[in-house]
Amino acid sequence: MLTHFFQYEFLQNTLYTGLLIGLIAPLLGSFVVVRRLSLIADGLSHVALAGIAFGLFLEKRYGVLFLTPFYSGTLFSVFGAIFIERLRSIYHAYQEIAIPIILSAGVGLSVIFISLADGFNNDLYNYLFGSVSAVSRNDLYGIIIIATIVIVILSIFYKELFMLSFDEEHAKVSGIHAKRIHFLFIVLTALVISASIRIVGVLLVSALMTLPVAASIRIARGFKQTILFSIMFGELAIIIGLISGYYLEIPPGGTIVMVLITSLLLTITLKRVWLNMKRKRAI
Amino acid sequence: MNKSIVQMKNIKYAYEDKMALNNINLTIPTGSFLGLVGPNGGGKTTLIKLILGLIKPQQGQISLFGQDITEFNDWNKIGFVSQKANSFNRGFPATVKEVVSTGLTAQVGYFKFFNQGHRQKIIEAVDLVGMSDYLNQNIGDLSGGQQQRIFIARALVSDPKFLILDEPTVGIDTENVQKFYQLLHKLNSEQNISLLLVSHDVGTMTKYANGVACLNKSIHFHGNTSDFTNLTEHQLSQFYGHDLNIVTHQH
Ligand SMILES: Nc1ncnc2c1ncn2[C@@H]1O[C@H](COP(=O)(O)OP(=O)(O)O)[C@@H](O)[C@H]1O
Ligand SMILES: [Mg+2]
C-alpha cells in the first residue's frame, strides 16, 4: 500500500513530513497539554494561517518566491507566539484573553490576504484541512530543520521544562529561569505548528498535538511514558491518514483526527474495563 | 564559629504599605526542630520567603549558616516544602521518581543530564520518607499524606541541612499527621537536619518539636516546648488575637 509513497517524489515529501510531525507534534504536545496551554496551539495555528496567506499573496501578486507560504507561516507563528506572551504578561489576571485576541487577529489577516491573493479556492481548502500533495522538497528541508531544532532543544532542556510544567513555583524558587525556558517552549510550539499545517491543516493542527496526549495520559505511567505513547498514537494516525488520504482522495487531516479520536475512546474504554476487572478481583 | 542556621536581626517587611513583619529577632540554632505558630495572616509565609531570599527586608539583617544572606549562595543547603505544594495538578502524569528528580534539577544545572549517582540519590530520598514501594506510581494515585511525603523527598534529595515546611499537614487526616511528625522527628534526630515547621496542629507539634516561636507581625514568644505548653490560655490568645484551642491527640 505504501509503495506509491516511495515511488513519487511528492509522496515521499509528504511521507517524511508526516513521520516527522507525527513525532514532534505529540512530543511537544505532551508539555502543552500538562501545562494547560492547548488553546494557545489553536491560536497560533490561526496566526500561522495568516502568514501562509501572506506568503500566497506575495507569490501570486508579486511573484516573490524566496518567502514561500511555509516560511512566512513559520515567521508569523513565531512572532504570534512572542505576541501572545506579551499579552499574557500585560493581562496578568486574565491570561486566557490573549487567545481570542490572537485567534481573531489571525483569522482577520488570513481573510484579507487570501482575498487579495485570490486564493479562496483550492489553496484555502488545502491549508484548512491538509493535503497529501502539497509538500515541496524545499518545505521538507525546512521541516527537517524544525524537527531537529525541536528534538535537540527539548532533550537539552527536558529536565527544566519538566520541572516548570510540574510545579512552576518550585521551579522559580529553585532558581530555574522559568521565563526564558517558557519562552523557548512557546517558540518551539510555534515551529511545530507551522511544520504540521501542510498535512493536517490549520483547523486540526492543535488536535495532532493534544489528542494523542489525551489518549496516552489515560494509560501511561509517568511523563516519559506519556510522551512515548503519544508519539505512537500520533504516528499511527498520520500513517493511516496519509494512506487513506491518497487512495480515497480526501484531505488527510480529517482521517488523522478521527483515528486519534477513536484511539482516545478506545483507551478510555479499555481503562474502564481494566479498572472494573481489578475492582472485581479485589472484592 | 557561628552555630546558628538562621539569624534575623531587627527585620521589618511591608507589602506595599501593609506591614507584615516588624521588629523580628529570631535565631534558629543548628539541630533545632522549631515549630512556628501564629494566626492566619500573621506573617509566617512572609518570614519563610525572607529566609529563602525570595523577598528582601526593608530593614534589618539576615544571616544563613553564619553568612550574610546577600553573599549566601549555598541554596542547596536549604530545602523547602511550600504551602502550595499539594495544590499541584493531580492529573499530571508523573511518577514519584520523576517528581523527586525535580528536586535535583537546579543542582545538576543546565546542559547536564541526570547520571547514575543522581538516580541513586532519588531512590534514597524516597526510601527515607518510607515510600520505596511507590517509586513508579503516578503521584496523582497517592493519598494526600503520601503525596506530602513525596514532596518532602523532593526537598531532601539535594541533601539540605535545613528543611522548611510551610503548613504541610493541611488536609491530612490525624493518624497520618502523627506518622508525618514521626518522620520529621527521624529526619531531625537521625539525619541531623534542622527543621522549621509552620503548623496549626499545635498539640501534636509540641510533642515532637524542641522549640516553638509564636508569630503575629512580631515574635511574641520563642522558647522550648515545655515553656510554650505552660503558657496560660490568656497569654496565648493575646499572641493570636483570638482564642486558641490546643488539642492534643492521643493515639
Ligand atoms: N504578595 C502579597 N502582597 C500583598 N500582601 C501580602 C502578600 N502576601 C501576603 N500578604 C499579606 O501579608 C500578611 C502576612 O501574610 P502571610 O505571611 O502569608 O501570613 P501567614 O503565612 O502567617 O498566614 C497578610 O496580611 C497578607 O494579607
Ligand atoms: Mg502562610
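Predicted model: local features only at pLDDT ≥ 70, side-chain atom pairs only at ≥ 80, totals over all residues.

An α-helix has 3.6 residues a turn, so residues three or four places apart point the same way. The side chains of A:Lys172 and A:Glu168 meet in a salt bridge, with a distance of 3.3 Å from N to O. A:Lys172 is partly exposed because its relative accessible area is 48%, and A:Glu168, with a value of 38%, is also classed as partly exposed.

A second pair in chain A is formed by A:Lys159 and A:Glu160, whose closest N and O atoms are 3.0 Å apart in a salt bridge. Both A:Lys159 and A:Glu160 are buried. Over all chains, the structure holds six salt bridges.

## The salt bridge between the chains

Across the interface of chain A and chain B, one salt bridge is found. The partners are A:Asp167 and B:Arg154, whose side chains meet at 3.2 Å, N to O. A:Asp167 is placed in the loop between H8 and H9 of chain A, while B:Arg154 is in helix H4 (residues 144–156) of chain B, so the pair joins two chains.

## The interface as a whole

In total, 27 residues of chain A are in contact with 29 residues of chain B. The area buried between chain A and chain B is about 2400 Å², and carbon and sulfur atoms give 65% of that area. Eleven residue pairs are in polar contact between chain A and chain B, counting pairs with both residues at pLDDT 80 or more.

On the side of chain A that touches chain B, at least two residues each are supplied by helix H7 (137–156), helix H8 (158–166), helix H9 (168–173) and helix H12 (222–248) of chain A. The largest share, seven residues, comes from H8(A). Sorted by class, this side of chain A has 13 nonpolar, seven polar and seven charged residues.

## An enclosed helix in chain A

Helix H11 (residues 205–219) of chain A is largely enclosed by the rest of the structure, because eleven of its 15 residues are buried. Among the buried residues of H11(A) are A:Leu208, A:Met209, A:Leu211 and A:Val213, and they also include A:Ser206, A:Thr210 and A:Ser216. The elements that cover the buried residues of H11(A) include helix H2 (9–34), helix H3 (38–62), helix H10 (178–200), H12 and helix H13 (252–282) of chain A.

## The magnesium site in chain B

The magnesium ion (ligand 2) is coordinated by B:Thr45 through OG1 and by B:Gln83 through OE1, at 2.0 to 2.6 Å. The two residues are 38 residues apart and link distant parts of the chain, with B:Thr45 in helix H1 (residues 44–51) of chain B and B:Gln83 in the loop between strand S6 (78–81) and helix H2 (96–108) of chain B. B:Thr45 is partly exposed because its relative accessible area is 27%, and B:Gln83 counts as partly exposed at 35% relative accessibility.

## Two loop residues of chain B

B:Phe114 is situated in the loop between H2 and helix H3 (116–128) of chain B, and with a relative accessible area of 22% B:Phe114 is partly exposed. Leaving aside residues up to four places away in sequence, B:Phe114 touches A:Lys159 as well as B:Ser101, B:Leu104, B:Thr105, B:Val108 and B:Arg119. B:Leu104 is ten residues from B:Phe114 along the chain, and the C-alpha atoms of the two are separated by 8.5 Å.

B:Ser199 is found in the loop between strand S8 (194–198) and helix H6 (202–208) of chain B, and B:Ser199 is buried, with a relative accessible area of 2%. The side chains of B:Ser199 and B:Tyr181 are joined by a polar contact of 3.0 Å. Beyond residues up to four places away in sequence, B:Ser199 touches B:Leu36, B:Val37, B:Thr169, B:Tyr181 and B:Met205.

How values were computed. Residues numbered from 1 in each chain as written. Chains lettered and ligands numbered in written order. Heavy atoms only, no water. Donors = N, O, S within 2.8 Å, 3.2 Å for Na, K, Ca; no water. Helix = DSSP H or I, 4+ residues; strand = E, 2+ residues; numbered from the N terminus. Buried < 20%, exposed > 50% of the residue type's maximum accessible area, 1.4 Å probe, protein only. Contact = heavy atoms within 4.5 Å. Buried area = accessible area lost by both parts, 1.4 Å probe. Salt bridge = Lys/Arg side-chain N within 4 Å of Asp/Glu carboxyl O. Polar contact = N/O pair within 3.5 Å; in protein donor to acceptor, adjacent residues only side chain to side chain. Nonpolar A, V, L, I, M, F, W, Y, C, P; charged D, E, K, R; others polar.
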